[in-house]
Amino acid sequence: MVVTMFEPVMISPSILSADFMNMGRDVAAIEGAGADWVHVDVMDGHFVPNLTMGVPLVKQLKKATSMPLDVHLMISNPLRQIPWFADAGADIVTFHFEAVSGDEAFQAIETIHGLGAKAGVAIKPGTPASAVADLVPLVEMVLVMSVEPGFSGQSYIEGSEDKVAEVVQAARACGVAPTIQVDGGIGMGTLSRVVEKGADCLVCGNAVFAADSPASALSEIKELSSRVRDMALQGPEAL
């Protein structure tokens with residue numbers, strides 16, 4: 001029997017866990033180790049209880065790396081700020097479903113696409129996958145948070161993999177295949193849970209940047225995640 005391999009799982013290291021005094025060095029290290037994207041966590045101190053990076057850093061990152069910039073907006077007014085980050089060089093702009101109301105989610109997606117970027121929608125641990133079912137056919141990515149957004153270094157919330165499976169099922173029902181990204185407590189000990197359920201892209205923070213060798217840690221995560229994904233294709237008996 002010939003077994004077709006899945007595409008490798010993408011890794012988007014979160015620079016929230018990098019050394020801000022040596023950001024250029026750390027970004028170069030993950031790029032050299034094969035990172036697929038750079039995950040940029042934007043927090044406004046209102047939607048989440050933390051304040052992090054903004055437009056100036058995105059502009060500098062755009063000059064410093066050829067990797068796509070995966071910008072995660074954890075902010076309360078995404079419709080206003082989406083153009084700022086798209087103009088600064090964000091390749092993927094992800095807004096939170098919980099930060100919009102009514103038709104604003106559709107407006108956010110339309111705005112992102114109109115500015116030439118890919119659109120993503122993120123959901124917190126307490127938000128069911130069904131909440132974004134109408135958006136799944138319209139976006140390039142769905143981000144499932146496996147911790148409460150706001151701080152790096154949190155532990156993976158058990159059961160988050162079930163929501164990943166629900167998003168995958170919703171996408172298949174619509175005949176679409178957006179990237180399914182998972183963010184929060186993802187590392188060597190937890191990645192298999194979400195990859196087995198269909199995650200395409202893993203956001204890793206401390207698992208990469210807190211390691212003695214971020215480049216080696218990233219390589220190990222890429223190798224294991226792709227192996228788990230390939231085994232998942234072969235069926236439950238291979239896992």
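This is a predicted model: local features need pLDDT of at least 70, side-chain atom pairs count only at pLDDT 80 or more; totals for chains, interfaces and linings use all residues.
Helix 3 (residues 78–88) and helix 4 (residues 104–114) pack with their axes 10 Å apart, at an angle of about 10°. Angles under 35 degrees count as roughly parallel, and helix 3 and helix 4 are therefore roughly parallel to each other. Now look at the residues that make this contact. From helix 3 come Leu79, Ile82 and Pro83, and they meet Glu104, Gln107, Ala108, Thr111 and Ile112 of helix 4. Sorted by class, the contact between the two helices has 5 nonpolar, 2 polar and 1 charged residues.

Next, turn to helix 1, which runs over residues 23–32. Its buried residues are Met23, Asp26, Val27 and Ile30. They cover an arc of only 100° around the axis, which puts them on the same side of helix 1. What lies over them? The cover includes two strands, strand 1 (10–13) and strand 2 (38–43). Helix 2 (55–64), helix 7 (206–209) and helix 8 (214–234) are also among the elements that cover these buried residues. After helix 1 comes Gly34, which has a positive phi, near 100°.

Which residues of helix 5 are buried? They are Ser160, Glu161, Lys163, Val164, Val167, Val168 and Ala171. If you look down the axis of helix 5, these buried residues fall within an arc of 155°, so they line one face of the helix. Gln169, Arg172 and Ala173, on the other side of helix 5, are exposed.

The buried residues of helix 5 have their own cover, which includes strand 5 (118–123), strand 6 (141–145) and strand 7 (179–183). Helix 6 (191–196) is also part of that cover. Just after helix 5, you will find Gly175 with a positive phi of about 75°.

Finally, step back to the loop between strand 6 and helix 5, where Glu158 lies. Is Glu158 buried or exposed? A residue needs over 50% relative accessible area to be called exposed, so Glu158, at 58% relative accessibility, counts as exposed. Follow the chain onward to Thr190, and you have moved 32 residues in sequence from Glu158. In space, the C-alpha atoms of Glu158 and Thr190 are 9.5 Å apart.

How values were computed. Residues are numbered from 1 along each chain as its sequence is written. Side-chain values use heavy atoms; hydrogens and water are left out. Axes are lines fitted to C-alpha atoms, for helices over the stretch in contact, and angles run from 0 to 180 degrees between N-to-C directions. Helices (H or I, at least four residues) and strands (E, at least two) are DSSP runs, numbered from the N terminus. Angles under 35 degrees count as roughly parallel, over 145 as roughly antiparallel, 65 to 115 as roughly perpendicular and the rest as oblique. Contact means heavy atoms within 4.5 Å. Ala, Val, Leu, Ile, Met, Phe, Trp, Tyr, Cys and Pro count as nonpolar, Asp, Glu, Lys and Arg as charged, and the others, Gly among them, as polar. Buried means under 20% relative accessible area, exposed over 50%, partly exposed in between (1.4 Å probe, protein chains only). The arc is that of the directions from the helix axis to the C-beta atoms.
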